Amino acid sequence: SDDGNLLEKALACQKAEHTFASMPCGIMDQFISVMGKKDHALLIDCRSLEVTPVPLTDPNLVVLITNSNVRHTLTGSEYPTRRMQCMKAAKALKKESLRDVSMTDLKAAEAHLDADVYCRARHVISEIKRTADAAKALTSRDYQEFGKLMVESHNSLRDDYEVSCPELDELVAAAMDGEGVYGSRMTGGGFGGCTVTLVDAAAVEKTIQRIKDRYSGTATFYITKPSRGAHVLKL
């Protein structure tokens, strides 16, 4: 039934991952799967659990999902490690969460943090700002700025959070090296999986061909639009 509370459904899905899969995941995947809205991105506040739809209605845009078709075995073990490192940084800064830490605070404490912990925290703090800035850019239809933030996000995930891999980096580089592409970045837990690329509909076929030509592996492509979350279909 679709009568249940969407928030409760998302939280139940998260609890299943925590309890049965022993994966201390966040809430993003569950929220978008349940609360997705047609022609909108979602800005999710993981603290208040507030969801703000952000219009992505331009018919000339598509979201290109590119599956690297590789999955490195680090995925499961590294996620809890990253989370622990972020918690360690917050504790060292005497904050409940990195949400409460500014970049100025972090830089002031750099000498007291392990290099890896510092880099993980720098990614999270900068990503929080990028996410808010990206929502503003999308709302104002500034796709160039939105795409720039996507690439900055990927670079931070690669360099500071260290969850990318050569295959994902190849896909992003190939996607970005052509006209009509605004931005590209890895998505998901990293170490394989998919990239997401914002591209003009008129340029999508050339973009796919360019990636095929340059990628060392064999990718699978999905041309998508934002759609409604999981729901019951009446036949």
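Biologist: On what basis are residues numbered, and which atoms do the side-chain values use?

Modeller: Because this is a predicted model, local features need pLDDT of at least 70 and side-chain atom pairs count only at pLDDT 80 or more, while totals for chains, interfaces and linings use all residues. Residues are numbered from 1 along each chain as its sequence is written, hydrogens and water are left out, and side-chain values use heavy atoms.

Biologist: In what order do the four strands of the open sheet stand?

Modeller: Helices (H or I, at least four residues) and strands (E, at least two) are DSSP runs, numbered from the N terminus. Two strands pair if DSSP finds at least two bridges between them. In general, strands of a sheet pair through backbone hydrogen bonds, either parallel or antiparallel. In this open sheet the pairing is antiparallel, and the order is β4-β5-β3-β6.

Biologist: Which strands are the edge strands of this sheet?

Modeller: Within the order β4-β5-β3-β6, an edge strand pairs on one side only. The edge strands are β4 and β6 (220-224).

Biologist: By how many degrees are neighbouring strands of this sheet turned against each other on average?

Modeller: Axes are lines fitted to C-alpha atoms, for helices over the stretch in contact, and angles run from 0 to 180 degrees between N-to-C directions. For the neighbouring strands of this sheet, direction is ignored, and the average turn is 20 degrees.

Biologist: Which residue of β5 is the bridge partner of Ile65?

Modeller: Strand β3 (residues 61-71) and β5 run antiparallel and are joined by eight bridges. On the other pairing of β5, with strand β4 (residues 181-187), there are six bridges, and Arg185 stands opposite Val196. The partner of Ile65 is likewise Val196.

Biologist: Which residue in the turn of the β4 and β5 hairpin has a positive phi?

Modeller: The hairpin of β4 and β5 has four residues between the two strands.

Biologist: Why is strand β5 described as largely enclosed by the rest of the structure?

Modeller: Buried means under 20% relative accessible area, exposed over 50%, and partly exposed in between (1.4 Å probe, protein chains only). Strand β5 (residues 192-200) is largely enclosed because, of its nine residues, the number buried is seven.

Biologist: How far apart in space are Val199 and Asn60, C-alpha to C-alpha?

Modeller: Val199 is found in strand β5 and, at 0% relative accessibility, counts as buried. Contact means heavy atoms within 4.5 Å, and the contacts of Val199 beyond four places in sequence include Asn60, Val181 and Thr207. Although Val199 and Asn60 are 139 residues apart in sequence, their separation in space is 8.6 Å.

Biologist: What distance does helix α6 reach from its first C-alpha to its last?

Modeller: The expected span of a helix is 1.5 Å times one less than its number of residues. Helix α6 (residues 143-159) has 17 residues. Its reach is close to the span expected, and is 24 Å.

Biologist: Against which elements do the buried residues of α6 pack?

Modeller: Among the buried residues of α6 are Tyr143, Phe146, Met150 and Leu157. The buried residues of this helix pack against β3, α5 (115-139), α7 (166-176), β4 and β5.

Biologist: Across which strands does α7 lie?

Modeller: Helix α7 runs at about 170 degrees to β4. The strands across which α7 lies are β3, β4 and β5.

Biologist: Is Gln85 buried or exposed?

Modeller: Gln85 lies in helix α3 and touches Asp116, Val117 and Arg120, leaving aside residues up to four places away in sequence. With a relative accessible area of 12%, Gln85 is buried.
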